[in-house]
Amino acid sequence: MQCPYCSSERLKVLDTADSREAIRRRRECLACGARFTTYERAVAVTPVLIKADGTREAFDREKLKRGIWHACAKRPIPALAVERLATNVERYLQALGQAEVSSRVVGDKVISELKDIDPIAYVRYAIVYLKLDSLYSVRAEIDKLLAEQNSSSAAVVGAQATEGSLIASNC
Ligand SMILES: [Zn+2]
């Protein structure tokens, strides 16, 4: 850190104030006597994506949203849900705290979230992202999804049955 007036690096901190957004420091230059303020803020950094061919690409939120929108075309999915999905992916990347990550990390995160939003959008995204290139591989993905849905609805039915039997025993 240099004095903004004389470029000396001989600085003294006069006082420090911590708030939610930043740490503020009053400083004094020991060379010219000028006083000035510095702010220290957290910066969220989104890692650079390493593509399958090894090339690097900056994370592009708009590009990500375009991909999601294609998968969601004509589906009853609110714009807000797409926006939230993009935000979740971006925060997830930032929380990894790495300078670079494989671009697969993005696709994996999108696909796992889309599964909970809309099954059709999920399958469309999976076809592109997982490069499903035959009807068999698409069917395998759909079968997997249906099996998961059945097991989760079976769990709900199970819970209701328990509830029902509790009510029955209370009567
Ligand atoms: Zn100075």
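## Terms and model

A residue is buried if 20 or more other C-beta atoms lie within 10 Å of its own, exposed if 12 or fewer, and partly exposed in between, with C-beta atoms placed from the backbone. A nonpolar core is a set of buried Ala, Val, Leu, Ile, Met, Phe, Trp, Tyr and Cys residues joined through C-beta atoms within 7 Å.

This is a predicted model: local features need pLDDT of at least 70, side-chain atom pairs count only at pLDDT 80 or more, and totals for chains, interfaces and linings use all residues. Residues are numbered from 1 along each chain as its sequence is written.

## Overall layout

The protein chain has five helices and six strands. These are DSSP runs numbered from the N terminus (helices: H or I, at least four residues; strands: E, at least two). Their order from the N terminus is β-β-β-β-β-α-α-β-α-α-α. Of the chain's 171 residues, 9% count as buried.

## The core

The largest nonpolar core has 14 residues. Ile68, Ala71, Val110, Leu114, Ala121 and Tyr125 have the most contacts inside it. Helix 1 (61–72), helix 2 (79–95), helix 3 (104–117) and helix 4 (119–129) each supply at least two residues of this core.

Beyond its neighbours within four places in sequence, Ile68 is in contact with Val82, Leu85, Ala86 and Val110. Contact here means C-beta atoms, placed from the backbone, within 7 Å.

## Helix 3 against helix 4

Gly107, Val110, Ile111, Leu114, Lys115 and Ile117 in helix 3 meet Ala121, Tyr122, Tyr125, Ala126 and Tyr129 in helix 4. The residues of this contact divide into nine nonpolar, one polar and one charged. Nonpolar covers Ala, Val, Leu, Ile, Met, Phe, Trp, Tyr, Cys and Pro; charged covers Asp, Glu, Lys and Arg; the others, Gly among them, are polar.

Definitions and conventions: Two residues are in contact if their C-beta atoms, placed from the backbone, lie within 7 Å.
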